[in-house]
Amino acid sequence: MSNDLLLDQFYAAIKAADAEALTLCVDADFELHWQGTSSIPWAGRWRGVQGLLGFFKLLNQHVQVLDVERLHSLSNDEVTVVLLRGRWQIRRSGEQITAMAANVFSLANGRIRSYTVLNNTAAFAEALAAG
């Protein structure tokens, strides 16, 4: 499977909140790092498939992913950087966030080894605090 197809499946699984599809995209030693402070409940490091599932469970309690549009990608065989525009909605308040983000993926053997999210953390913290 190509890296682009793998990432398409990963983003589709995120938007659909499909835990099983997410686990098929990552390897056993997967690591996720969402940049942010403690004001964002899902910020931090999450390890392994169970960490990924815990992250998305917590994320989905607070936020609905409305749209993720991949704008540009830079990649080689091992790393892909995706610049995207996303729209999210805070479940408690209904407030929407539209922001640019960069996602950094480490890839090996047709799976995602790591996923680092560099997002507009100030917008998320503000929207969460307002709700």
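# Reading a predicted fold, feature by feature

Trainee: Which residues does Asn 119 touch, not counting those up to four places away in sequence?

Mentor: Asn 119 touches Trp 34, Trp 88, Ala 99, Met 100, Ala 101 and Phe 124. Keep in mind that this is a predicted model.

Trainee: Where is Asn 119 found?

Mentor: Asn 119 sits in the loop between β6 and α4.

Trainee: Let me try another. How does Gln 9 count at 36% relative accessibility?

Mentor: Between the cut-offs of 20% and 50%, a residue is partly exposed. Gln 9 has 36%, so it counts as partly exposed. Gln 9 lies in helix α1. Leaving aside its neighbours within four places in sequence, Gln 9 is in contact with Met 1 and Cys 25. Gln 9 and Cys 25 are 16 residues apart in sequence, yet 7.4 Å apart in space, C-alpha to C-alpha.

Trainee: Which residues of α1 are buried?

Mentor: Start with the general idea. An α-helix has 3.6 residues a turn, so residues three or four places apart point the same way. Now the case here. The buried residues of α1 are Leu 6, Leu 7, Phe 10, Tyr 11, Ala 13 and Ile 14. They cover an arc of only 160° around the axis, which puts them on the same side of α1.

Trainee: What follows α1?

Mentor: Ala 17 follows α1, and its phi is positive, near 55°.

Trainee: Now the sheet. What is the order of the 6 strands?

Mentor: The order is β2-β1-β6-β5-β4-β3, in an open sheet with mixed pairing. β2 (44-47) and β3 stand at the edges. Each has a single partner strand, so one side of each is left without a neighbour in the sheet. From one strand to the next, the twist averages 20°.

Trainee: What packs on the sheet?

Mentor: Helix α3, residues 48-62, packs on the sheet. Helix α3 touches β1, β2, β3 and β4. The direction of α3 makes about 40° with that of β1.

Trainee: In which sense do β1 and β6 pair?

Mentor: Strands β1 (residues 26-34) and β6 (residues 111-118) pair in the parallel sense, over 5 bridges. Val 26 stands opposite Ile 112 in β6.

Trainee: And in which sense do β3 and β4 pair?

Mentor: β3 (residues 63-75) and β4 pair in the antiparallel sense, over 11 bridges. A hairpin of 3 residues joins β3 to β4. His 72 has Leu 83 in β4 as its bridge partner.

Trainee: In which sense do β4 and β5 pair?

Mentor: β4 and β5 (residues 96-108) pair in the antiparallel sense, over 11 bridges. Val 81 stands opposite Val 104 in β5. The hairpin of β4 and β5 has 5 residues between the strands. Gly 94 in the turn has a positive phi of about 85°.

Trainee: Which residues form the covered face of β4?

Mentor: General idea: in a regular strand the side chains alternate between the two faces of the sheet. β4 runs over residues 79-90. Its covered face holds Thr 80, Val 82, Leu 84, Gly 86, Trp 88 and Ile 90. Its uncovered face holds Val 79, Val 81, Leu 83, Arg 85, Arg 87 and Gln 89.

Trainee: Last topic, rings. How many aromatic pairs does a search of the whole structure find?

Mentor: The search finds 12. Trp 34 and Trp 42 form an aromatic pair, 5.9 Å centre to centre. Planes over 60 degrees apart count as edge-to-face. The planes of Trp 34 and Trp 42 are at 85°, and the pair is edge-to-face. Both residues are buried.

Trainee: What does Trp 42 form with Phe 124?

Mentor: Another edge-to-face pair, with 6.0 Å centre to centre and 85° between the planes. Trp 42 lies in the loop between β1 and β2, and Phe 124 in helix α4 (residues 121-130), so the pair ties together parts that are 82 residues apart in sequence. Trp 42 has 0% relative accessibility, so it counts as buried. Phe 124 is buried too, with a relative accessible area of 0%.

Trainee: Which residues form one aromatic cluster?

Mentor: Trp 34, Trp 42, Trp 46, Phe 55, Phe 56, Trp 88 and Phe 124. Look back at Asn 119: among the residues it touches are Trp 34, Trp 88 and Phe 124.

Notes:
Residues numbered from 1 in each chain as written. Predicted model: local features only at pLDDT ≥ 70, side-chain atom pairs only at ≥ 80, totals over all residues. Heavy atoms only, no water. Buried < 20%, exposed > 50% of the residue type's maximum accessible area, 1.4 Å probe, protein only. Helix = DSSP H or I, 4+ residues; strand = E, 2+ residues; numbered from the N terminus. Pairing = 2+ DSSP bridges. Axes fitted to C-alpha atoms, helices over the stretch in contact; angles between N-to-C directions. Contact = heavy atoms within 4.5 Å. Arc of directions from axis to C-beta. Phe/Tyr/Trp six-rings, centres within 6.5 Å; stacked < 30°, edge-to-face > 60°.
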